[in-house]
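Hi everyone, thanks for coming.

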Amino acid sequence: MIALTYAPISSLFLSPFVALFLLDNEWTFVNHGAFGAANRLSFETAQKWQRYLTYLPILPTYLRPTSIFSTNRRPTYLSYTYLPIESQPLRYIDRVLLPQMAHVTRLLAQHVGTDACDLGLLPNATSGLNAVFQRIPLTAEDSLFILSLSYGSVKKMAKESCRRTGAEYCEAQITFAHNSSTIDFVALVERELPVNAKVAVFDHVTSNTAIILPIQELTDLCHRRGCLVVVDGAHGLGQFDLNLRSLGADVYISNCHKWFTCPKGIGFVRATAEVQKWLRPVIISHGWGKGFVSEFMWQATSLAQKWKSQTLVPLEMSGLMALIQIPTLDRKLSDIDGNAVQDAMHFRFQIECPVKFIDGQLYVRISSHCYNTRHDYDKLAAAVLCLVKDLKID
Ligand SMILES: Cc1ncc(COP(=O)(O)O)c(C=O)c1O
């Protein structure tokens, strides 16, 4: 166990991609799903943007200040040097930042298969989801449909929407057989969707249980039943090739800091023209009343074998994250046991991996990005076996 704790990781075990990230190699980091990990280039670029004005364009002659206005001043308009934002804040915000945000919106829209006019920038997924649930036009005659697997804060937003409007909150319960058996989500929604459902909320990849939902089929089904579809795609961008136009969900929200490996602080909402009639950002600022894009732009800132256990669902239902049951636990467990294992992995083994308590069982939720190698999972496997023994939870 001592060897496991203190052995330095040989560079032979490191992924060739690890140099592209800022991760501390002393740690076994298999928790990309929580907050992502920014790639080095985008992180450094973001830092430059915070401190410097990059690539100030050379102005055409007729826009340059005349010698009367520029006496005693260095003609900065001729240079491409980095300048502190605060050397001329207005020039940065009005002439550089906003055009760049428009440019980024266009690039991102192209990348996710939609039109720039349908894409709003967000500081994170949570702010976009709040905007949706605060504005969604529900009435007391409607129902809001959601799965029990949805993200905790999103369920709270949905409940608050229903409380405010009088709509009925319908949460379909998903239970697990704990034997890696598959779940037919389309059949389940077909059966459970209430006739008066006005909106259905689905995660593209569920957070706690790491299951990819068949969004296309669920969207088609809900649309046939006259129900709007809101997709919480927090784990979507970077994990899938998105074509939001053909996916057809009425609202799709994602963040860029998870699987897309951007620095924290940027996400997006894509909404159809029909939804744009009612969707507004939570925070009112200068873009208010100037259309969807402007309004949002302004507020933007093989373990199972080793453990002789099983996965929560078949691996075909998982993407870059998966849940694997912690082995041989005979006594009644609680989420406190999960926290104890997670903390022990952190403090004793420098392993960052969440432990989830689902339907009475403990699972590790492993994430896999290009900087991970098999060595990370071997180390995790050995640490968990060691902890199970030490903590006497078997
Ligand atoms: C499914 C899901 N939805 C929403 C969020 C919230 O994302 P953010 O922290 O970017 O607002 C998360 C974060 O982990 C998530 O996993």
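Let me begin with a term. A salt bridge here is a side-chain nitrogen of Lys or Arg within 4 Å of a carboxyl oxygen of Asp or Glu. The general idea is that side chains of opposite charge can pair when their charged atoms come close. Please keep in mind that what you see is a predicted model.

Now find Lys277 and Glu274. Their closest N and O atoms are 3.0 Å apart, so by the 4 Å cut-off the two residues form a salt bridge. Are these residues buried or exposed? Both Lys277 and Glu274 are exposed.

How many salt bridges does this rule give in total? The count comes to eight. I'd like to show you two others.

One joins the side chains of Lys155 and Glu171, with 3.5 Å from N to O. Lys155 belongs to helix H6 and Glu171 to strand E6, which covers residues 168-172, so this pair ties together parts that are 16 residues apart in sequence. How accessible are the partners? Lys155 has a relative accessible area of 16%, which makes it buried. Glu171, at 24%, is partly exposed.

The other is between Arg225 and Glu190, whose side chains meet at 3.8 Å, N to O. Here distant parts of the chain are linked: Arg225 sits in the loop between helix H8 (215-224) and strand E8 (228-232), while Glu190 is in helix H7 (residues 185-192), 35 residues apart. Arg225 has 32% relative accessibility and counts as partly exposed. Glu190 counts as partly exposed too, at 42%.

Let's stay with H7 and look at how helices pack. Two packed helices are described by the angle between their axes and the distance between the axes. For H7 and H8, the angle is about 20 degrees and the axes are 10 Å apart. Angles under 35 degrees count as roughly parallel, so H7 and H8 fall into that group. Their crossing is right-handed. Which residues make the contact? From H7 come Phe185, Val186, Val189 and Glu190, and from H8 come Glu217, Leu218, Leu221 and Cys222. Sorted by class, that contact has six nonpolar residues, two charged ones and no polar ones.

H5 (residues 125-135) and H6 (residues 152-165) pack at about 20 degrees, with their axes 9 Å apart. That angle makes H5 roughly parallel to H6. H5 passes H6 in a right-handed crossing. On the H5 side, the contact is made by Thr126, Leu129, Asn130, Phe133, Gln134 and Arg135, and on the H6 side by Val154, Met157, Ala158, Ser161 and Arg164.

My last stop is Asn255, in strand E9 (residues 251-255). With a relative accessible area of 4%, Asn255 is buried. What does Asn255 touch, leaving out residues up to four places away in sequence? The neighbors are Ala125, Ala234, Leu237, Ile266 and Gly267.

How values were computed: Residues numbered from 1 in each chain as written. Predicted model: local features only at pLDDT ≥ 70, side-chain atom pairs only at ≥ 80, totals over all residues. Heavy atoms only, no water. Axes fitted to C-alpha atoms, helices over the stretch in contact; angles between N-to-C directions. Helix = DSSP H or I, 4+ residues; strand = E, 2+ residues; numbered from the N terminus. Parallel < 35°, antiparallel > 145°, perpendicular 65-115°, else oblique. Left-handed = near helix turned anticlockwise from the far one by under 90°. Contact = heavy atoms within 4.5 Å. Buried < 20%, exposed > 50% of the residue type's maximum accessible area, 1.4 Å probe, protein only. Nonpolar A, V, L, I, M, F, W, Y, C, P; charged D, E, K, R; others polar.
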